[in-house]
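Dear colleague,

Please find the structure below, handed over for your records. The notes that follow set out what was found in it.

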Amino acid sequence: MSHLSASQMAVTVPVSNDFSARRSVFKASNINFRDKSWAPVFALDMKAKNCGWRRNQNVICMSVQQASVPKVAVSPLELENPAEPPLNLHKPKEPYTATIVSVERLVGPKAPGETCHVVINHDGNVPYWEGQSYGVIPPGENPKKPGAPHNVRLYSIASTRYGDFFDGKTASLCVRRAVYYDPETGKEDPSKNGVCSNFLCDSKPGDKIKITGPSGKIMLLPEDDPNATHIMIATGTGVAPYRGYLRRMFMESVPTFKFGGLAWLFLGVANSDSLLYDDEFTKYLKDYPENFRYDRALSREEKNRNGGKMYVQDKIEEYSDEIFKLLDNGAHIYFCGLKGMMPGIQETLKRVAENRGESWEEKLSQLKKNKQWHVEVY
């Protein structure tokens, strides 16, 4: 099956208010998640070798400077129409058969383990909203139930409802390959490796994949106030839903959602090579300094103020006064990642609250009541 890689992706970017006449075809150049030189500067499509208008080709020349932070046109805009999110359109007994578009390694050589960005073509038949999850049923039979399929594995979707190609036909997953090492021998035991994560990371373009869902409402991005503050805390692949939020806020031209608030991302990973989508986030930081903040916690490279490893909760503590003030003013706070992240974070928040003369239990209860508290851990 032929497919576009991210570096071949063609998008249409409006360059003035006169949409009917002035459209320019661009190609996002050098999009590579591990290439530190990447900044999605839009280069003119190579078909437009000469400046000016061509017959049957509405192509104009313009400098990159003129296109100050162009946003990408998305379609179909009908995806904005429903008042409620799509839920469980495809159930485990009748999954949808989608197609793998691409699988790309996201991390560098010094990262412990492998994390992949998996793009799936659902052809518009499994629509979803930012913050929802897909279920994946890996091929083969369930070893605990011979003859029955494997259980569904849930993965947070790492793209907006329009997908990485802005056409509403794909969804992306951020998948950490689960590998089991025998504690006695230190050798990998393939028989105990994660069935679904290895299936996804080993997939090839054109492979078929059974998906269910979408599911989940707790991590939906509240859009009733476009000027709200969103504090997003992730460890590892827990960054997936936030990539969707941030692309919607800063990359896509969505007529019904003009974000003017503050998005603040805290991402905890092992080291620099383990950072996920770092180039995208760094680009937003450069283009939208008033609306985006980005703090990384690299546990194997940085020390916290007590000389220990720098975990995401240490970064939260560093900015605790500011975070608590934002929460008092109605900010939403999100947590996504391995469930082991939460005890350390909760302890930190409790300690900070007590130092401020507040009861953390009461504060947490109020945050939940106000629907400001969003947690999805696994």
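Where is Pro76 found? Pro76 sits in the loop between β4 and β5. Please note that this is a predicted model, and that the findings below should be read with this in mind.

Overall composition

The protein contains seven helices and 16 strands. Of its 378 residues, 49% are buried. Among contacts with a separation of 6 or more, 70% are between residues 24 or more positions apart. The protein exposes about 18,700 Å², and carbon and sulfur atoms supply 50% of that area.

Confidence

The average pLDDT of the protein is 85, and 82% of the residues score at least 70. Residues 1-67 call for caution, as pLDDT stays under 50 over that stretch. The model has 118 contacts beyond four places in sequence for residues 1-67. Where pLDDT is low, the predicted coordinates should not be read in detail.

The loop between β4 and β5

Leu77 lies in the loop between β4 (72-73) and β5 (96-105). With a relative accessible area of 37%, Leu77 is partly exposed. Not counting residues up to four places away in sequence, Leu77 touches Tyr162 and Pro255. Leu77 and Asp167 are 90 residues apart along the chain, and their C-alpha atoms are separated by 9.4 Å.

Asn88 also has its place in the loop between β4 and β5. Asn88 is not a glycine, yet its phi is positive, near 50°. Its relative accessible area is 39%, so Asn88 counts as partly exposed.

Further backbone features

Most residues other than glycine have a negative phi, and most peptide bonds are trans. Against that background, two further positions may be recorded. The peptide bond from Gly213 to Pro214 is cis, with omega near 0°, and Pro214 lies in strand β10. Lys371, a residue other than glycine, has a positive phi near 60°. Lys371 is found in the loop between α7 and β16 (373-377), and its relative accessibility of 64% means that Lys371 counts as exposed.

The buried residues of α1 are Cys196, Ser197, Asn198, Phe199, Leu200 and Cys201. What do the buried residues of α1 pack against? They pack against the strands β5, β6 (115-121), β7 (133-137), β8 (153-156), β9 (170-176) and β10 (208-215).

Helix α2 (residues 240-250) is mostly covered, with 11 of its 11 residues buried. The buried residues of α2 include Arg243, Arg247 and Arg248, and also Tyr242, Tyr245, Leu246, Met249 and Phe250.

Is Ile157 buried or exposed? Its relative accessible area is 1%, so Ile157 is buried. Ile157 is found in the loop between β8 and β9. Leaving aside neighbours within four places in sequence, Ile157 is in contact with Tyr128, Gln132, Ser133, Tyr134, Ala171, Ser172, Leu173, Ala240 and Pro241. Ala240 and Pro241 are among the buried residues of α2. Between Ile157 and Gln132, which are 25 residues apart in sequence, the C-alpha to C-alpha distance is 6.1 Å.

The pair α6 and α7

Two packed helices are described by the angle between their axes and the distance between the axes. For helix α6 (residues 341-355) and helix α7 (residues 360-369), the axes come within 9 Å and cross at roughly 115°. The two helices are therefore roughly perpendicular to each other. Which residues make the contact? On α6 they are Gln346, Leu349, Lys350 and Ala353, and on α7 they are Trp360, Glu361 and Leu364. The residues of this contact of α6 with α7 divide into four nonpolar, one polar and two charged.

Yours sincerely

Definitions and conventions: Residues numbered from 1 in each chain as written. Predicted model: local features only at pLDDT ≥ 70, side-chain atom pairs only at ≥ 80, totals over all residues. Heavy atoms only, no water. Helix = DSSP H or I, 4+ residues; strand = E, 2+ residues; numbered from the N terminus. Buried < 20%, exposed > 50% of the residue type's maximum accessible area, 1.4 Å probe, protein only. Contact = heavy atoms within 4.5 Å. Areas by Shrake-Rupley, 256 points an atom, 1.4 Å probe, with all protein chains shown as cover. Axes fitted to C-alpha atoms, helices over the stretch in contact; angles between N-to-C directions. Parallel < 35°, antiparallel > 145°, perpendicular 65-115°, else oblique. Nonpolar A, V, L, I, M, F, W, Y, C, P; charged D, E, K, R; others polar. pLDDT = per-residue confidence, 0-100.
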